[in-house]
Amino acid sequence: MIIEESLEIGGRTLSIEVGRVARQADGAVLVRYGDTMVLVTSCISEEPREGATFLPLLVDYREKYYAAGKIPGGFFKREGRPSEKEILSARMIDRPIRSLFPEGFSHEVQVVATVLSSDQENDSDMLAMIGASASLGLAGAPFGGPIGAVRIGRKDGELIVNPTFKDRDEGDIDLVAVAAGDQLVMIEGGMKEVSREDVMKCLDLAEQVVPQIIDLQHRIIERCGAEKMEFTPRVPKPEILEEVKRRYGARIIEVNRASDKDKRRADLGIIKKEALEALAETFPESELDIADSLHDIERHEVRRMISESGRRVDGRGIRDLRQISCEVGILPRTHGSALFTRGQTQSLTVTTLGTAIDEQRVDDLEGETSKSYMLHYNFPPFSVGEIRPIRGPARREIGHGALAERSIQPVIPESEKFPYTIRLVSDILESNGSSSMATVCAGSLALMDAGVPVKAQVAGIAMGLVKDGDNYHILTDILGVEDHLGDMDLKVAGTKNGYTGIQMDLKIPGIPRDVLVRAMEQADEARAKIHETMDSALAEPRAEISSYAPRIVAIRVDREKIREIIGPGGKTIRKIIEETGAVIDIEDTGEVKIDDQRSC
């Protein structure tokens with residue numbers, strides 16, 4: 001039997017259909033908005049994964065080229081590894097639903113979203129998020145959904161629900177809001193120096209739409225008769241927890257006061273090793289319970305210190321920043337460089353300037369485009385004292401790089417004023433919390449060091465949260481352990497004039513609006529201090545670009561003159577590059593750009 005429910009959102013019909021396809025999955029839905037359609041399936045293992053200490057959730061988002069009537073390029077003519085868009089969409093689906101599963105749930109869960117049809121107007125990522133929630137509900141997953149997801153844009157001062165790609169390109173706000181019930185679960189967006197009040201107006205509109213999307217899913221799940229699976233969380237045996245606390249509780253409290261991350265981690269490792277050896281005879285085959293008991297004690301003590309005394313593991317107060325240092329121009333032969341250090345988090349970011357030939361070509365469902373500004377984020381294992389193979393960029397690196405890139409994008413000059421391709425590369429040399437926001441700060445400084453005429457300096461900060469009953473304690477400039485053991489990771493980036501990027505993820509089912517407002521206010525105070533430190537290192541872009549960067553001279557000529565520049569015999573542009581090292585880019589306007597770093 002085919003079941004369908006629908007509603008009108010933003011002048012278009014959003015529909016969810018069950019029962020036509022993928023019927024062997026535990027939950028499967030077809031979600032449609034306009035002529036964009038996404039199939040989302042969920043499967044849950046019957047038994048928990050043995051020894052799992054985390055939620056084994058796997059989310060995949062894939063776009064089929066046939067969805068837009070296209071054939072993939074290249075030799076193989078089939079879809080290959082996921083694109084950045086697919087990776088970012090998969091992360092966007094994963095983050096809100098992961099926080100809604102109960103602690104201790106260790107059944108394997110896989111969500112697969114497949115774009116089957118694309119009208120090249122409506123983004124399929126929102127449909128995939130809604131479909132993931134609905135399919136999990138149909139599969140009986142014990143998570144705190146359904147969730148509602150909506151994108152809010154602003155164009156010409158007017159807010160738009162689920163703006164088209166064209167509206168987003170022409171607007172100044174692109175914000176995704178996800179909620180479960182009346183609680184915010186995730187927000188993510190880019191904006192062009194807008195105020196906190198503007199962000200809140202977007203959330204006001206989102207809060208009107210999200211309940212309708214949640215109700216739509218409830219109707220589908222109820223009509224299908226889906227019931228949640230029974231789940232009893234696994235907790236350490238009380239006698240083991242008490243013995244571990246009696247023997248090692250005081251030492252864990254002492255270790256939690258160590259400001260140095262490496263020492264703290266090493267000391268906790270020693271305690272764990274001792275505990276496993278000492279209690280092996282008394283509690284045989286209970287290694288997992290012993291390890292969980294140690295973790296629970298550590299988590300409780302870190303949070304207790306914050307709740308009761310307002311002190312954190314490194315001795316700071318909840319509103320205090322770590323020590324910050326900024327250095328520019330430290331690499332002699334690069335076009336621009338900056339080293340930004342905040343406590344034990346450090347980003348070395350380098351700017352490289354190129355010509356139009358260096359632009360990145362992007363081929364996706366919306367068509368072929370090019371990028372003249374890009375930011376790449378690298379997280380080598382030595383940054384956290386680990387040993388592991390260095391492969392291609394992981395999902396986390398793609399996600400952090402995209403957040404930093406989006407946060408700096410609004411201050412990048414138009415190509416008409418600065419006709420260079422700009423590549424930023426952030427290498428994280430140390431990491432102890434908020435390396436993506438360190439990348440924003442270092443990237444902004446590196447651009448100025450390269451002489452890129454950016455509009456303003458961009459600074460970023462990460463905020464945390466510890467919920468103690470009805471009380472919320474907001475933390476400025478969180479450490480890695482506060483991200484791991486806390487309840488929120490809110491990243492806020494912007495200039496002195498307004499926000500350029502925001503992202504919030506939670507480990508609890510949701511937070512009220514007023515807590516988010518307080519966290520953003522506290523983040524603004526911290527960003528103002530960071531701006532002061534960054535300005536002391538370099539307040540304005542350098543007057544000239546590096547002598548090692550290419551020089552682009554624009555000459556306007558008519559079509560006959562173009563032939564003269566190319567030369568007798570009709571030499572190709574590639575031939576001229578080979579012979580002289582020149583780069584000539586002939587645009588439709590008749591403008592010829594010449595790289596005169598060498599003779600031309």
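Two strands count as paired here if DSSP finds at least two bridges between them, while helices (H or I, at least four residues) and strands (E, at least two) are DSSP runs, numbered from the N terminus. What you're looking at is a predicted model, where local features need pLDDT of at least 70 and side-chain atom pairs count only at pLDDT 80 or more, though totals for chains, interfaces and linings use all residues. Residues are numbered from 1 along each chain as its sequence is written, and side-chain values use heavy atoms, with hydrogens and water left out.

**View 1**
For β1, the partner is β2 (residues 12-18): the two run antiparallel over 7 bridges. Look for Glu-8, which sits opposite Thr-13 in β2.

**View 1**
The axes of α4 and α11 are 12 Å apart, and the two helices pack at an angle of about 160°. That makes the pair roughly antiparallel (the label for angles over 145 degrees; under 35 is roughly parallel, 65 to 115 roughly perpendicular and the rest oblique). Their crossing is right-handed, which is to say that the near helix is turned clockwise from the far one by less than a right angle, anticlockwise being left-handed. On the α4 side, the contact uses Arg-196, Val-199, Met-200, Leu-203, Asp-204 and Glu-207. Facing them from α11 are Arg-513, Leu-516, Val-517, Met-520, Glu-521 and Asp-524. Sort these residues by class and you get 6 nonpolar, 6 charged and no polar; Ala, Val, Leu, Ile, Met, Phe, Trp, Tyr, Cys and Pro are nonpolar, Asp, Glu, Lys and Arg charged, and the others, Gly among them, polar.

**View 2. Ala-519, a buried residue of α11.**
Ala-519 belongs to helix α11 (residues 513-537). Its relative accessibility is 0%, so it counts as buried (under 20% relative accessible area; exposed is over 50% and partly exposed in between, with a 1.4 Å probe and protein chains only). Set aside its neighbours within four places in sequence, and Ala-519 is in contact with Met-463, Ile-474, Met-488 and Leu-490. As for Pro-413, it is 106 residues away from Ala-519 in sequence, with 31 Å between their C-alpha atoms.

**View 3. The eight-stranded antiparallel sheet.**
Here the order is β8-β7-β9-β10-β21-β20-β18-β19, an open sheet of 8 strands with antiparallel pairing. β8 (158-161) and β19 (471-476) are the edge strands, each pairing on one side only. The twist averages 20° from strand to strand. Zoom in on β18 (residues 459-468) and β20 (residues 488-495), antiparallel strands joined by 7 bridges. Within this sheet Leu-465 stands opposite Met-488 in β20. Helix α2 (residues 124-139) lies across β7 (148-155), β9 (173-180) and β10 (183-194), at about 160° to β7. Helix α9 packs on the sheet too, touching β18 and β20, with its direction at about 160° to that of β18.

**View 4. Where α8 meets α9.**
Helices α8 (residues 395-408) and α9 (residues 435-449) pack at about 45°, their axes 9 Å apart. The two are therefore oblique to each other, and their crossing is right-handed. From α8, the contact draws on Arg-396, His-400, Leu-403, Ala-404, Ser-407 and Ile-408. The α9 side includes Met-437, Val-440, Gly-443 and Leu-447. By class, the contact has 6 nonpolar, 7 polar and 1 charged residues.

Lys-77, in the loop between β5 and α1 (84-98), has a positive phi near 55° without being a glycine. At 49% relative accessibility, Lys-77 counts as partly exposed. Asp-477, from the loop between β19 and α10 (480-485), is another non-glycine residue with a positive phi near 55°; at 0% relative accessibility, Asp-477 counts as buried.

Terms used
Axes fitted to C-alpha atoms, helices over the stretch in contact; angles between N-to-C directions. Contact = heavy atoms within 4.5 Å.
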